[in-house]
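Hi,

Here is the structure I said I'd pass on. Have a look at it first, and my notes on what turned up follow below.

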Amino acid sequence: MGWPHLLWLAIAWVAVMGATLLCSQPVAAQTAQPPVQPTLQPVTPPDAACRLCHAASTETMTLPSGDVIHAGVDLSAVAASVHGASAAAPVYCTDCHAPRQRYQYPHAANPAQDLAQFQAEIAANCEQCHLPAQMHNPGHLEAAAGSAAPNCVDCHNGHETAPVAALQADPVGACQQCHQQFDDPLLADVHAEVVANFGVGQSCQSCHADEPQNEDARCQSCHSLLTRQLTLSSGDTIDLHVNPEEIVNSVHGARVIQGVQYTTLRCTDCHREQGLRGFPHQPVDAATHRDLTIGMQQVCQECHSDIFDRNADGVHAQHIVDGNLEAATCADCHGNHAIHDPDEPRERISQMCGNCHSEINAQYATSVHGAALLGEQNPDVPVCTDCHGAHNIPDPTTAAFRLSSPQMCGRCHADAELMSKYNISTEVFDTYVADFHGTTVTLFEHQTPNEETNKAVCYDCHGVHNILPVTDENSQVIKANLLVTCQQCHPDATENFPDAWTSHFKPSLEHNPLVYFVNLFYMIVIPVTVGGFLLFIGTDIFRGIRVWVGRQRQRGKDA
Amino acid sequence: MHNAQPQYDRFNLFQRIEHGVLLVSFTVLAITGLPQMFALHPWAAFMISSMGGIETVRIIHRTAAVLLIVGTLYHFVAVAYRVFVRRVAMTMLPGWQDVKDGLQALGYNVGLVKTPPRMGRYNFGEKIEYWAVIWGTVVMVLTGFMLWNPIATTAFLPGEFIPAAKAAHGNEALLAVLSIVTWHFYNVHVKRFNRSMFTGKISHEEMEEEHALELEALARGARLEPDPEAVRRRQRVFTPVATVITIVLLIGLYFFVTYEQTAITTVPRQQVDVFTPLTPQPERVQ
């Protein structure tokens, strides 16, 4: 055979091979392929074949557990879901029902034993597009194998996946499928409110996250978002909203006190009942808001027992014991969560007391002490607690208080250093005690401190809360007004009577000179007279001794 | 030795009783008064509390003061009787001779003068004593009245008189007590125990030393009993007058004690509404 025969043989071989190649298309493609269009042809969706069958199928599959799975799929629902027409990128059947090869027809037998396992397998594929499970819902997905923990599909649905916003709008509804606790309307209600009030960055995660939650975070997670109120049996309501910042910034926040580092107080350190029982909380015992507030003082006692004991002796606690529940208890003055140093600034104290004792506080505010405190933050003047005490407040209507009051005023008014700043004499105390009123009151205080006396103490003349400086024309003790003041106890007193009081001055040439001269007179006359007597007596004794000595000598001579 | 010597009558029963009343009232006044003056000294506070507290002490003091005043009134009437009815010489009146006697006694004591003074019924020492008591009682009663009745006093006098009265009352008391404790006690108890104010009789030796002129006058027989008829005549005048004056003075004393209600007995209570909460209740301080 010559080369022309080989050439024609090669050409024939190439032609036959080429034809074979061109003709060997996959059967399905060949059979399902629409007629080939030249260019701009859309690529056939990979799930077109799935759709053709499953759109109208009435087939079912029964798993070994007995669960039945319907093959029919509502494609319009899928199109309407987040994975449908509105999705950012197309989602095909085999993106979720993966791997794709497995789902080629005829499908291989599904190894799932029950519906849960069936779904779990599918749900594992969500991670291809969505956040890894840990970041989203660790509590659920990492539950022990075999537990009833949900997977993506349980909450988000399979084909009718709704937007997350819809879930968030009704978290209770979504969770209620498994969490029958939400059948409890209170629980459902509270959760709904909390979720409705989620702020930026808050989510179910805020409570139900992976790390072991400290008790506080659990309390705060609800209570910082709640706006509702608790209604007690009497009809009183209690605001359940708590701002955790208040506690952190309060005296109960983390701080160093006298070199010791204290951590922030926990919710359950005070709210024991709720801490013990978690949520849902046991009903609150107290019938009225007041009962609740007063009951909480037991909690303060645990740490502040010395103050509590002192307070128990005080007039407020006594009133409460006697049934007058309006009297102040710990929280009334100190607050509950936002507790700050009560004397920062000092005016706080008078405002605080003034909440209940408003008329007295109004008087105080216009008095010499109050005006200085409120007007210029004077640190030297007394505020309510300086005279009345803070916790073991004595009953100021008792004889004992009255008798001890000059000492109380004297604490400042007999302090030379303090008084020199204001040009007030410290003799005020000494001159009072040296005169009739003060001597009597002092003796009573020493000897019979509980006995009533009708003698004047400082505030009988100067006023109680309305003390004015002696430069004020309304002062009770200036000359022009003093007769009226004296007449409170001496109704028959006349014009000259108030001058009988030396006005807190020691007698001198300037003040009460008559008294000064009387004293001077006797300061001379007594020593001179008695000295004269003693002198004369001395000479008489001297003579007596001489006589006696003489007699002794005489006897000696005679003997 | 002086038992053998004659005893002389010196003080009759009335005089001795009068002195007893003076003694008791003065002592009670001193022990209730001086602690009041020094009230806050520990010894004084102790005494006051032992006697039942300051209010009780004041009441005892005033009671003893009334007793002293009654005794003083009696004394004036008794002296008036002796002077106007019995016409006894007024031997208690002081004079220059007493000054000379005092100086002589002083000189004699120190050895500058050879002889002691010869003195009458009441010598300079007793006259000092007597007139000091008169002066002191006047001051104490006047100032005491002012302190007891300050409202009545200040109706007429400036108010400053009250603290001045307090100063005078206390200082005069101190002077009186010191005088008694030094001068009186030394002369009648320490130098020798003179029992005449208790027994009524004085010994010859005491007469020689202290009342030499009186002894002399007695020896001369100078003691004259007044004419009984004259005495009775004078009594007829004296008795009603003295009675009237006494009654008037006692009524005056009664007013002195009861006139003034110085102060109300309990301090007026002001009703203060203590619980006046601000409404609406402000937010608790946060």
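**Between chains A and B**

The count between chain A and chain B is three salt bridges. One to look at is E452(A) with R269(B), where the closest N and O atoms are 3.5 Å apart. Keep in mind that this is a predicted model.

Which elements of chain A face chain B? Those giving two or more residues to that side are α22 (330-334), α23 (347-354), α24 (358-366), α29 (427-434), α30 (436-447) and α33 (513-558). α33(A) gives the most, with 20 residues. By type, the residues on that side of chain A divide into 29 nonpolar, 21 polar and 15 charged.

As for the extent of it, 65 residues of chain A are in contact with 65 residues of chain B. The buried area comes to about 5600 Å², with carbon and sulfur atoms giving 64% of it. Y522(A), F533(A) and F536(A) supply 11% of what chain A buries against chain B, more than any other three residues.

Now the cores. The largest nonpolar core has 14 residues, and the members touching the most others are Y432(A), V441(A), L443(A), V457(A), I48(B) and I54(B). Two or more residues each come from α27 (399-413), α29 and α30 of chain A and from α3 (54-85) of chain B. Beyond its neighbours within four places in sequence, I48(B) has contacts that include L443(A) and Q447(A), as well as I54(B) and V57(B). Apart from this core lies another, of 10 residues, among them Y522(A), V139(B), A167(B) and A168(B).

Cheers

Technical notes. Residues are numbered from 1 along each chain as its sequence is written. Chains are lettered from A and ligands numbered from 1 in the order in which they are written. This is a predicted model: local features need pLDDT of at least 70, side-chain atom pairs count only at pLDDT 80 or more; totals for chains, interfaces and linings use all residues. Side-chain values use heavy atoms; hydrogens and water are left out. Contact means heavy atoms within 4.5 Å. Buried area is the accessible area (1.4 Å probe) that two parts lose on being put together, summed over both. A salt bridge is a side-chain nitrogen of Lys or Arg within 4 Å of a carboxyl oxygen of Asp or Glu. Helices (H or I, at least four residues) and strands (E, at least two) are DSSP runs, numbered from the N terminus. Ala, Val, Leu, Ile, Met, Phe, Trp, Tyr, Cys and Pro count as nonpolar, Asp, Glu, Lys and Arg as charged, and the others, Gly among them, as polar. A nonpolar core is a set of buried Ala, Val, Leu, Ile, Met, Phe, Trp, Tyr and Cys residues joined through side-chain atoms within 4.5 Å. Buried means under 20% relative accessible area, exposed over 50%, partly exposed in between (1.4 Å probe, protein chains only).
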